[in-house]
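Please have the sequence and the 3D view at hand while reading.

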Amino acid sequence: MTEARANHGKRGRSSHATSGSTGAITFTLMLFAFTVVLLVATRGLRPSAAVVPRAVGLPLVVLLGYHLVREILARRRAGPAPAVAKAERESGELVAVPWLLLLPALATLLGFVVGPAIWVVAWLRIRGRESLTVALAAGAFTAVAILALFAGLLGATLPQGIFGALL
Amino acid sequence: MPPVLAAAWEGLTLVFTWPNILYPIAGTLAAMVVALLPGLSGAALMALAIPVTFGWDPLHVLLLYGALVGGATFMGSVTAILLNIPGSAPNAATLIDGYPMAQKGMARTALAASATASALGSTFGVVVLIAVLPLIARIIPRIGPAEYLLLAIWGLLAIGTLIRGSVSKGLAAAGLGLMLSFIGFDMRAADVRFTFGTLYLQDGLSIVPVFLGLFAISETIDLIASGRVTVSGRTHVEELGGSTREGILAVFRHWGLFLKSSVIGTVVGMIPGLGGTVAAFVAYGEAARTDRAGTMGTGDIRGVIAPESANDAKDGGSLLPTLALGIPASTGTAVLLGVMAIHGIRPGQELLSEGLPLAFVLIWALFLSNWMTSVVGLAIVRPLSRLTIVRTRRLIPPIAVLALLGAFAYRGRVADVWVAMLFGALGYLMKKYDWSRVAFVMALVLGPLFELNLQLTLDLQRLGRIDFWSRPSVLVLLALIAMTTVPTWVRRRVS
């Protein structure tokens, strides 16, 4: 099997979840709850500031409620989703989310030059399985590129981060 | 020779005189580099260049700034098409179809179509600018809240035609976008809404971090979670389809759509406060409305041509109120007006009579920079398209770092980075569970315009300051809305 075909296979595996899954129900519930919170928050507003958000929010709550019921009914009809594809995708999500949260966390802690550079080295070494030399070179290039483009060319002041000043 | 044409010729001669030509070239190159960096707009570069120009001749200032206005527009679509990262907010409309084209291995075609639509769209805008410039001083003051309201309604109604799959789900996504657009300080009621006590939310949600999150970060999550090897699913350049020629020809094949989008871009550009994002999304909505095959949003070339031609045509349109009335039509033209004031160039009647050649210097510099970016873009389509066969494990670091820096650089706030992350998660979940992100962002963009002008129109009508139904421009817009929207809804209902 060629690499391209293998890749297509992986793409096929990534086909997105349909309605009725636990995730779909939870997501719709979150949207519903969020809209209810916004709608409740309009109670403290002046009437002229609240009128349009209420006019949009009320039908939106009804619409989201309708979808929530539909998702629950769809789950009852269809049963649980195929376990293998679901588990593979969910494990991918469990990798993606912490890695992506690590980037702004490092930037906030170590600054917008050092933080991203360290993240790039870590990503390429651990996830990308690149050699240490390649990962370090990429990290150094990232730091230089950020400094040259954002600080040098555009004169932007990049935050040093909470611990950046100590480095 | 009529005075306008004589001034146009004089302006053109001034642009191509040595060493004057160096200024628009330098401006274009700087704008191209900045446009590739997400979150940084041409307006930011224009503001940064102000101190450099203090001692300059006004002619050279206009040559540089004309190029800065026009140079950034096309390049923002490059990252949108290749990496799902909008270079600037208006390019978010391009990625809806541009990125799926790159995923199908058709990045070359998409980039070439984008470059061609940009160059021709800007030409259209400049031609209209030259034709309408003498008349514009009488037209612009007639556009008021009622007309703004109808334009916003037109855009919001277009959402209905963009929705694929469940219509009620699409409408709910649009409703959520509208609700989030209400966050922040309501100037009319002098009240803050949905800020939950935070200072950060008082200015409302910033569009750039939201767009970067919804599209770039969500795509990064998807790339990691799906285990895809490359963006296009191909690993060798020979496996890539499409061609530069195909992309160029596509614009001519869809010439009706190109013209319609350019008209939308020019008209929206003329109207102060609307800008390229509204132009691009309204043009995209109009293209989707006429899509009978139902392929828009899945990698249709028309979804690239429409927003790109509108976005570039808008540049010419936005110079009309700026030069004729001194009213900025966008952030970029607001900075331009400031620079003109610093150098003693006063827009209005004086500039359009004795200073007309100087006004044309600005127009030609804009025109030249738009073409230069497109020509350079066409020349590098092939190497750029190779990005779609780069392994995702190597592509993810630049995407993630650019998205992070783009979210921060727009306003220099670290909190924007976390907002982008939050919207990244939201965008990923919306994509995963089939909630329309396009309907969501269109409503988010048009929400403030709709609400403010709805309330202003109602107030003005109540106070007897306007008669909504007797305004010719209102009737024209209502007819246009009815003509473009009703047949689509009827067709959808029948099918």
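What is the area buried between chain A and chain B, and what share of that area do carbon and sulfur atoms give? The model is predicted, and in this model the buried area is about 6000 Å². Carbon and sulfur atoms give 74% of that area. The size of an interface is often given as the accessible area lost when the parts come together. The contact draws 68 residues from chain A and 71 residues from chain B.

**Salt bridges**

Over all chains, a search of the whole structure finds 15 salt bridges. Across the interface of chain A and chain B there are three. A salt bridge joins the side chains of Lys169(B) and Glu71(A), at 3.9 Å from N to O.

Another salt bridge joins Glu451(B) and Arg193(B), with 2.6 Å from N to O. This pair links distant parts of the chain, as the two residues are 258 residues apart. Glu451(B) lies in helix α21 (residues 437–462) of chain B, and Arg193(B) lies in strand β2 (residues 191–193) of chain B.

| Helix pair | Axes come within | Crossing angle |
|---|---|---|
| α10(B) (residues 207–226) and α20(B) (residues 414–432) | 6 Å | roughly 55° |
| α1(B) (residues 3–15) and α17(B) (residues 356–379) | 7 Å | roughly 60° |

The axes of α10(B) and α20(B) cross at roughly 55°, which makes α10(B) oblique to α20(B). The crossing of α10(B) with α20(B) is right-handed. On α10(B), the residues in contact include Pro209(B), Val210(B), Leu214(B) and Ile217(B). On α20(B), they include Val419(B), Met421(B), Phe423(B) and Tyr428(B). Sorted by class, the contact of α10(B) with α20(B) has 14 nonpolar, four polar and four charged residues.

For α1(B) and α17(B), the axes cross at roughly 60°, and the two helices are therefore oblique to each other. α1(B) also passes α17(B) in a right-handed crossing. The residues that α1(B) brings to the contact include Pro3(B), Val4(B), Leu12(B) and Val15(B). Among those that they meet in α17(B) are Leu356(B), Phe360(B), Trp364(B) and Leu368(B). How do the residues of this contact divide by class, and how many are charged? The contact of α1(B) with α17(B) has 14 nonpolar residues, one polar residue and one charged residue.

Notes: Residues numbered from 1 in each chain as written. Chains lettered and ligands numbered in written order. Predicted model: local features only at pLDDT ≥ 70, side-chain atom pairs only at ≥ 80, totals over all residues. Heavy atoms only, no water. Axes fitted to C-alpha atoms, helices over the stretch in contact; angles between N-to-C directions. Helix = DSSP H or I, 4+ residues; strand = E, 2+ residues; numbered from the N terminus. Parallel < 35°, antiparallel > 145°, perpendicular 65-115°, else oblique. Left-handed = near helix turned anticlockwise from the far one by under 90°. Contact = heavy atoms within 4.5 Å. Nonpolar A, V, L, I, M, F, W, Y, C, P; charged D, E, K, R; others polar. Buried area = accessible area lost by both parts, 1.4 Å probe. Salt bridge = Lys/Arg side-chain N within 4 Å of Asp/Glu carboxyl O.
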